[in-house]
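Below is a brief report on one protein chain. It starts with charged pairs, then turns to fold, cores and surface.

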Amino acid sequence: MATVIEEEVPVLPLFTTVLFPGSYLYLSPSVPFFAKKLQFLHHLDKNQTDDKTLLAVVPLEGSKLGAKELHPIGTLAELVQFKYTPNSVSLLVKGITRCKINSFTKETPYFQAKITKLNDAGDPNDPRTIELIEKIKSLVNMFIE
């Protein structure tokens with residue numbers, strides 16, 4: 001089941017990494033181009049908003065940065081910590097859940113999009129899930145030994 005989020009969510013383009021639900025990611029791009037595209041972080045801090053969520057997505061191919069070049073599936077993330085200056089940004093985000101971009105509502109000076117949360121939860125009692133968990137445990141134990 002999917003839930004549509006009606007408000008606009010800022011979009012964080014990721015170029016050298018991927019954010020997964022449940023994981024943390026520290027980013028410190030110092031290139032002015034990236035800092036300009038991440039201006040929404042400054043606005044979040046300036047406005048002292050309680051909702052510090054954003055959508056982390058990767059480009060489809062190449063180094064272009066337009067709405068059409070971004071992957072339609074990303075990870076909704078909570079902005080845990082950030083520091084913003086005109087030429088650099090450092091931030092820590094925590095992945096919450098996978099989301100699909102329905103539409104871009106803004107592209108300048110930064111991207112915003114309407115999104116749908118994707119339900120990735122499976123049945124923990126499913127025999128296939130239990131089998132996969134046991135295989136992972138076995139592989140981890142082999143790696144540790």
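How many salt bridges are there by the rule of a side-chain nitrogen of Lys or Arg within 4 Å of a carboxyl oxygen of Asp or Glu? The count comes to three.

This is a predicted model: local features need pLDDT of at least 70, side-chain atom pairs count only at pLDDT 80 or more, and totals for chains, interfaces and linings use all residues. Residues are numbered from 1 along each chain as its sequence is written, and side-chain values use heavy atoms, without hydrogens and water.

**Salt bridges**

| Pair | Closest N to O |
|---|---|
| Arg128 and Glu131 | 3.5 Å |
| Lys137 and Glu134 | 3.8 Å |

Arg128 and Glu131 sit three residues apart in helix α3, about one turn of the helix. Lys135 and Glu131 are four residues apart in helix α3, so about one helical turn separates them. Lys137 and Glu134 are three residues apart in that helix, again about one helical turn. Shared partners join Arg128, Glu131 and Lys135 into one network.

Accessibility is classed by relative accessible area: buried is under 20%, exposed is over 50%, and partly exposed is in between (1.4 Å probe, protein chains only). Arg128 is partly exposed at 46%, and so is Glu131 at 36%. Lys135 is partly exposed at 44%. Lys137 is partly exposed at 47%, and Glu134 at 44%.

**Fold**

The protein has three helices and six strands. These are DSSP runs, numbered from the N terminus: helices are H or I of at least four residues, strands E of at least two. Along the sequence the pattern is β-β-α-α-β-β-β-β-α. Contacts (heavy atoms within 4.5 Å) with a separation of 6 or more come 62% from residues 24 or more positions apart.

**Cores**

Of the 145 residues, 32% count as buried. A nonpolar core is a set of buried Ala, Val, Leu, Ile, Met, Phe, Trp, Tyr and Cys residues joined through side-chain atoms within 4.5 Å. The largest has 13 residues; Val11, Leu55, Val57, Leu70, Ile101, Phe111 and Ile115 touch the most other members. Strands β1 (3-13), β3 (53-57), β5 (88-106) and β6 (112-117) each give two or more residues to this core. Another core of twelve residues lies apart from it, including Leu19, Leu25, Phe82 and Val93.

**Surface**

The protein exposes about 9,200 Å² (Shrake-Rupley, 1.4 Å probe), and carbon and sulfur atoms supply 55% of it. Val140 belongs to helix α3 (residues 127-144) and is partly exposed at 42%.
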